[in-house]
Amino acid sequence: MSILGTRVVRTEDPRLLTVGGTYVDDLRLPELADAARVTFVRSPMAHAKITGMDTDAARQAPGVLAVLTIQDMDDLTPPPPPEPGSEVSEGAPLPIGGLWSEPLLAIDRVRYVGEPVAMVITSDSYQGEDAAELVSIDYEPLPAVIGVGGALDTPTLLFDGTDSNVPVDSGEAADDAIFQGCDAVAERTIVNQRLAPMPLEGRAAAARFADGKLTYWVSTQNAQISRFILAGALGMDPGSIRVITPDVGGGFGAKVGIDRDAILVAWAARKTGRALRWVETRSENLVGMTHGRAQEQTIKIGGTNDGRVLAYRLDVVQDTGAYPRMSGFLPFLTKLMAVGPYDIANVQTKSRVVVTNTTPISAYRGAGRPEATAAIERAMDLFAAEIGMDPAEVRRKNLIPPDKFPYSTPTGATYDTGDYVTALDKVLAASGYAGLRAEQARRREQGDVLQLGIGVASYVEITAADAAAGETARLAVHGDGTATVYTGSSAHGQGHHTAWAMLVESELGIPMANVTVIHGDTDLIPEGVGTYASRSLQLGGVAVHKAALEVKEQARRVAADMLEAAEADLELDTGRGAWQVRGDPGTGRSWADVATHAGADGLTAYVQFTGGGATFPFGTHVAVVEVDTETGKVRLIRHVTADDAGTVVNPVLAEGQRHGGIAQGVAQALLEEMLYDADGNPLTGTLADYAAITATELPSFELVNSETPTDINPLGVKGIGEAGTIGATPATQNAVIDAVSHLGIRHIDMPATPSRVWAAISDAPGGQGGSGGQGGQTKGAAR
Amino acid sequence: MIPAPFTYKRALSVDQALDLAAEDGDEAKFLAGGHSLLPLMKLRLAVPEVLIDIGRLGELRYVRGEDGHIAVGALTSHDELARSELLASELPLLAHAAGQVGDPQVRHRGTIGGSLVHADPAADLPAVILALDATLVARGPAGSREIGAGQFFQGLFESVLEPGELLTEIRIPRPQAAGRWSFQKFTKRAIDWAIVGVAVQDDRVALVNMGQTPLRAGPVEQALAEGAAPRDAAAHAAEGSSPPEDINADRRYREHLARVLVARALEESRSRL
Amino acid sequence: MKVTITVNGSQVAAEVADRTLLVHFLRDVANLTATNVGCDSTSCGACTVLMKGAGEAGGGKSVKSCTVLAAQADGSEVTTVEGLADGTGEMHPVQAAFHAEHGLQCGFCTPGMVMAAVSLLAENPSPTEDEVRTALEGNLCRCTGYHNIVRAVLAAAPAVSERRVG
């Protein structure tokens, strides 16, 4: 009986629970014994020219070893001037560069609150905070460009030499012909709001130069990519850089590679000749780490009165913040997945990216796909309301049937496998959907203050979108019978060490306890991609699996030699971890025996596995909320899901990923939003104001099983890491609107805070009395 | 993240606390549990040069029944208030409200005195002691004085205490009917400050976060005195208030919440027999 | 000033700046780095430890060590997650339950979460699910969605009770 598919608790835990993880700030290595501290001086202005800088007072403060500004960056080769026509392709998650380039330290202009302007190097972090306050910078304010509307309508351009604030504009112009012939059409502009990824550990890095070599520790999801970035930024040969990933306290896409602040730490270490450590505070993190989402979406959906959707249009404007770090990549993914799990004949998509004087946007759990799903799921509910049909029924009528896979969407994606209607049915059954609707009807009839809302969302998402980049695995079985896996994946909570050890045990019969998994050190693993896009199991895990298969064949040859038998007559008893002549346990040779016989490095395999393509997990979420119609407060009372990511290797890990994803998805629907005022000052700059979700706002989740393997890799696995988030947000948003739809309310933007919900109720045709008011905006805040 | 430098002094008696405070005048602040003051100092929104730690003044931690009133020492923690059997039976409003402050860790450290002197109109206990019609006792260089709750809160983060004055005790008259209370704390998340809150004891109604200080809802109390039913009296809840506008609520929404929450508070308090 | 704190049973004494936060005393003076700093607004609870003043009964109460000065903790006893084991080599029931129930992923919030759970169970030995969720309102986790953390605390409760009695 294989260990795969069984519940296995994590090998990572005992250390984390008893002595704690070793995150960058915990490193107590001899190489960092004399490390000084970096404190950044950051812009308090959203948009301004820098007209002067005085660092004298700071230089004289206690403990200050250096104060570094742009004036000190004379040791870096400036980037080449932009070549005409050399724009980065829309589909590449890379900075556009050129006229839209982002400097390391601000040069003569700042474009977002939090942009790094100077660095103070001190003996300890307390002194660093004191000294940073003494750096005096003169700013000449420029008009702040805030919000999508702001970026499109303003004469103020963020970047000289450009003619707009729109670095990327692509997709099809609107053509309403596709909606002719529709009995019912619904259209709306909705917001997918800006969020802070907020991993519990912020950004952190440590750097030491010695003998021309840089050793760099960083809280990242990609050690090898980080090394590549450092090499380019510092003008170094990658071979002279060693990047080490210690324990990482969460990433969620915001720690992909390294950003300018982290590069500056390495540069400053070289400049000052000191080992340095940087650990940002939470306030810095909330404005300095990239934000997520921030799309304005215009959706239009049309179909027949009996529920068939015929046409859908999605027009996205992506606020990318002050610098386009990911070009058009996020809305590219949004457009790719626009049609969701539905069979819709006519689909149009368009996207533009705008720059604004806010923190730059990058990937955040789902990275472009939650936005797609939120849009189509709102559209499905708007359509359902238009034709007076139950939202679950409308979905059922339009979900791609199981016999149509692989399914090519009008947007250019090919879904591998799926059984969407079954997932919908399972979740409706598990939630007791009919009973919920009956309870909702009863409360409406009685005019209860607490109304019930039931939200449905079906989704499909793309994982391992960069399957072609693949992943690496090196597996070695040692003379003592233990094994070591070197993986290119980079876990930051996902439990890869447990799962990869399970894969080795399953294939080779070496017990998990004897399998060591290593990741995140470019000296040990020079080639690898790392963990994002829910790619690790289907690429990194499959690479481990294939390496095990190779080692198995090597061992077979060696065992045949030892046993003087033909390879075809041998078998591996995985239960005992022994090679033997088939049917003759007495001949058994342990892995230790075989590895010893094989000699040093005798049983080693290195695999660079390039995936056959992306895979497409799917599912359905049903959220049940109670809305207090007198106050607008929403309480999530149940959340039921099916999240199908193919074969499940370890249910414990898969459930954990679903739970965490659901919580972040619900948080977007109900609570979280990064807000700026009209001048670009963040209004949610600490965790007292940024409403990160807590245990008290969530119920326990009800997870339904669904496993529809992919045929794209031998394990049949897809990626589960982001699926929960993608399904949870629209289900919860739909539930809130559903709770008050009997008042004539068709839409409420996220987050459905009490204020926003109450404003909708108060303004509703069937509501408690609109004394005319704003439709759901809180005072003074821009998005 | 880190407070600006300051000098730490420690008082081991009330007299010593007063002497130390007299030395440094308005450059010094008393440090009790620190859960109002230290968060401000860590963001450098407050930069006192001297902190006088009064956390060890055990003589100021008590909950005692006295003649006609309950006496609560200023350094009693929120957690101690929430667990006090005496308060549970005689002043359940205070016990319950203290149990809603912050989270368990904050309640283990924060004190009623610290919270009251901090005078944040969005905090829970200032409105509660207004509804309880408490008297606050302060000691200073010039001796002791008693201050009615209605005079204690002067403005945003401003109590009536002079620099060097130490709040020592809160005296709460025993209510006519201990059970006629309600505390409605309306938040986005359980851990948040109240967007609006209401404290009711007998026929006194106090509002959290409807102005620069906690407020008695005079017009509501007037209506009740004239025989109005709870919902009708509650319609006056926002009169005379000046609610702040922030990312959680505009003025109109706060006024609406005040009306809803006062109605609920009055109904709940009257439903307890 | 000179500060002496008994940390996990051992006295740690040092001359520190008056403004030194207890969390930094634990991490940098006592060299116990399991307790983490996750925010600067007393919100996240990653820094939660148990603190017991002189003359106080019990095992100490949960506090956010980022909002306590080392000077305030002078003379106190502090327990961090590293001090939870009783010396038998086995994990404390709360640690064991977090492991069994997959109550941690990246591990950064975990030490504070575990100490908050220990404190909760000391004050409320048989909590309901709602009581657990409310008691953990001051501890943020971004990875787990809290589902398994709550299960872990509920699972640990009987074992913790037994331990106290036995």
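## Chain C and its two domains

Chain C splits into domain 1, covering residues 2-82, and domain 2, covering residues 93-165. This is a predicted model, so please read everything below with that in mind. Taken over C-alpha atoms, the centres of domain 1 and domain 2 of chain C are 20 Å apart.

Let's look at where these two domains meet. Here 18 residues of domain 1 of chain C are in contact with 13 residues of domain 2 of chain C. On the domain 1 side, strand E3 (48-52) and strand E4 (61-64) of chain C are the elements that give two or more residues. E3(C) provides the largest share, three residues. By class, this domain 1 side holds seven nonpolar, ten polar and one charged residue.

## Where chain A meets chain C

Chain A and chain C also touch one another, with 42 residues of chain A and 43 residues of chain C taking part in the contact. On the chain A side, the elements that give two or more residues are helix H1 (13-18), helix H7 (282-288) and helix H16 (651-670) of chain A. If you want a place to begin looking, H16(A) gives the largest share of that side, six residues. The chain A side that touches chain C is made up of 20 nonpolar, 16 polar and six charged residues.

## Where chain B meets chain A

For the contact between chain B and chain A, the count is 16 residues of chain B and 22 residues of chain A. Helix H12 (residues 251-271) of chain B supplies the largest share of the chain B side, four residues. That side of chain B has ten nonpolar residues, one polar residue and five charged residues.

## The domains of chain A

Chain A is divided into three parts: domain 1 (25-143 + 198-288), domain 2 (292-463 + 614-763) and domain 3 (467-609). The C-alpha centres of domain 2 and domain 3 of chain A are separated by 39 Å. Across their contact, 17 residues of domain 2 of chain A face 15 residues of domain 3 of chain A. The domain 2 side of this contact comprises eight nonpolar, seven polar and two charged residues.

## A pair of helices in chain A

Now for a closer look at two helices. Helix H9 (residues 369-387) and helix H17 (residues 723-739) of chain A pack with their axes 9 Å apart, at an angle of about 30°. Because that angle is under 35 degrees, H9(A) counts as roughly parallel to H17(A). The crossing of H9(A) past H17(A) is right-handed.

Which residues in H9(A) meet H17(A)? They are A:Arg369, A:Pro370, A:Thr373, A:Ala374, A:Glu377, A:Arg378 and A:Asp381. Their counterparts in H17(A) are A:Thr725, A:Ile726, A:Thr729, A:Pro730, A:Gln733, A:Asn734 and A:Ile737. By class, the contact of these two helices has five nonpolar, five polar and four charged residues.

## A three-stranded sheet in chain A

Chain A also contains an open sheet of three strands in the order E4-E2-E6, paired antiparallel. Strand E4 (109-110) and strand E6 (136-141) of chain A are at the edges, and each has a single partner strand, so one side of each has no neighbour in the sheet.

How many bridges join strand E2 (residues 48-54) of chain A to E4(A)? There are two, and the strands run antiparallel. For A:Lys49, the bridge partner in E4(A) is A:Arg109.

Technical notes: Residues are numbered from 1 along each chain as its sequence is written. Chains are lettered from A and ligands numbered from 1 in the order in which they are written. This is a predicted model: local features need pLDDT of at least 70, side-chain atom pairs count only at pLDDT 80 or more; totals for chains, interfaces and linings use all residues. Two residues are in contact if their C-beta atoms, placed from the backbone, lie within 7 Å. Ala, Val, Leu, Ile, Met, Phe, Trp, Tyr, Cys and Pro count as nonpolar, Asp, Glu, Lys and Arg as charged, and the others, Gly among them, as polar. Domain bounds come from an automatic or database domain assignment. Axes are lines fitted to C-alpha atoms, for helices over the stretch in contact, and angles run from 0 to 180 degrees between N-to-C directions. Angles under 35 degrees count as roughly parallel, over 145 as roughly antiparallel, 65 to 115 as roughly perpendicular and the rest as oblique. A crossing is left-handed if the near helix is turned anticlockwise from the far one by less than a right angle, and right-handed if clockwise. Two strands pair if DSSP finds at least two bridges between them.
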